[in-house]
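Biologist: I'd like to walk through this structure with you, one question at a time. Shall we open it up?

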Amino acid sequence: MILLTVLLLVSVLLSLRAGSYNTPVSELIKGIFGKSADKKVNLVIRNNRMPRICTAIVAGAGLGLAGCILQAILHNPLASASTLGVSQGATFGAAFAIVTLNLTGGVGISLWSFAGSIAVAVVILGLSRLKQISAEGIVLAGVAISSMLTGATTLIQYFANEIQLANLVFWTFGDLGSTDWNELRNMSVMVLILIVYCTLHRWDYNALLNGEETAVSLGINVQQLTLTNMVLCCLTCSMIVSRVGLINFIGLVAPHIVRMVVGNNHVYLIPGSVLAGATLLLLGDLFARVAIMPIILPIGAITSFLGGPLFLYLLFKGGRQR
């Protein structure tokens, strides 16, 4: 936890320095509070770099925690918002709202994004509960659903006008630099609610590790816990997707990095996933900004390159164990 916290702080400082406007660290820190002697530094830090950094931290924390909880309630180490198709469902909902309903932003797109993600969650939850499909089968079902939703989103793009198409490309690429402080505040509230709820139920997730029968014998309402967590995770992911677009694999990578060190104890796994998710997305955004300056690479592509190899490793590792 200490190492992740230090790494996150270092990533924040590096992100503050990244950019064409080269400034000493002391002036950058003063610029956070608007106290720098250079007014341009105050403007760049408070209106450009800090919103982007805070967006990366909040979005990464939410996606990392959502992945951790989905893995716990579905008993599936490969579960995350991106691998199960929840993020793709949120993207489809946003695309449908933009093109079909001609919405431009605000609560409307967030609601349609949530509707798309919760629809996918209902299907995944039904397959895991009613059909008793294996962990690998659930992931394959998520891949199939993601493929269908990606195709549906592509069809929607085909009928979009130029302005709508430009907005839809944003959802596909992912962008951390388009949020303002008001949108960041709303996203932070949702992520904070998820963190508080999951922290209060950390021992319930530990009980689920020993099977649903053990959890029920300890007085846990497993069905209610699963449903509530699904709704909260989908609401958080849809809120993030509706603000920053589709960002893959953070929810898969972050919990597994923490799990390698602290194990499956959710007392440590929950805060660790929050810190790891925030740090990974912030480092990914830093790489996207400095790799070929002044061009900023799409963050969705960077996180996909990061998470793809780990996904294959976990898949083959599970196959060898079986």
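Modeller: Before we start, one term: a salt bridge is a side-chain nitrogen of Lys or Arg within 4 Å of a carboxyl oxygen of Asp or Glu. Also keep in mind that this is a predicted model.

Biologist: OK, how many salt bridges does the structure hold, and which side chains meet there?

Modeller: Side chains of opposite charge can pair when their charged atoms come close. Here the N to O distance is 2.9 Å, and the cut-off is 4 Å. The structure holds one salt bridge, and its partners are arginine 52 and aspartate 285.

Biologist: How many residues apart in sequence are the parts that this pair ties together?

Modeller: Look at where each partner sits: arginine 52 is in helix 3 (residues 39–73), while aspartate 285 is in helix 13. So the pair links parts of the chain whose separation in sequence is 233 residues.

Biologist: Are arginine 52 and aspartate 285 buried or exposed?

Modeller: Buried means under 20% relative accessible area. Arginine 52 comes in at 10%, and aspartate 285 at 0%. So arginine 52 is buried, and aspartate 285 is likewise buried.

Biologist: Let's hop to the start of the chain. How are helix 1 and helix 2 oriented to each other, parallel or perpendicular?

Modeller: The axes of helix 1 (residues 2–17) and helix 2 (residues 25–32) come within 10 Å and cross at roughly 95°. Angles of 65 to 115 degrees count as roughly perpendicular. That makes helix 1, relative to helix 2, roughly perpendicular.

Biologist: And which residues of helix 2 does helix 1 meet?

Modeller: By class, this contact has six nonpolar residues, no polar ones and one charged. From helix 1 come Leu13, Leu16 and Arg17, and on the helix 2 side they meet Val25, Leu28, Ile29 and Ile32.

Biologist: Histidine 75 has a positive phi although it is not a glycine. What is its relative accessibility?

Modeller: Its phi is about 55°, and histidine 75 lies in the loop between helix 3 and helix 4 (86–99). Histidine 75 counts as partly exposed, because its relative accessibility is 39%.

Biologist: Last one: which element has the lowest mean pLDDT?

Modeller: The chain averages a pLDDT of 84, with 92% of the residues scoring at least 70. Where pLDDT is low, the predicted coordinates should not be read in detail. Helix 13 (residues 266–290) has the highest mean, 93, and the lowest, 71, belongs to helix 14 (residues 299–321).

Technical notes
Residues are numbered from 1 along each chain as its sequence is written. This is a predicted model: local features need pLDDT of at least 70, side-chain atom pairs count only at pLDDT 80 or more; totals for chains, interfaces and linings use all residues. Side-chain values use heavy atoms; hydrogens and water are left out. pLDDT is the predictor's confidence in each residue, from 0 to 100. Helices (H or I, at least four residues) and strands (E, at least two) are DSSP runs, numbered from the N terminus. Axes are lines fitted to C-alpha atoms, for helices over the stretch in contact, and angles run from 0 to 180 degrees between N-to-C directions. Angles under 35 degrees count as roughly parallel, over 145 as roughly antiparallel, 65 to 115 as roughly perpendicular and the rest as oblique. Contact means heavy atoms within 4.5 Å. Ala, Val, Leu, Ile, Met, Phe, Trp, Tyr, Cys and Pro count as nonpolar, Asp, Glu, Lys and Arg as charged, and the others, Gly among them, as polar. Buried means under 20% relative accessible area, exposed over 50%, partly exposed in between (1.4 Å probe, protein chains only).
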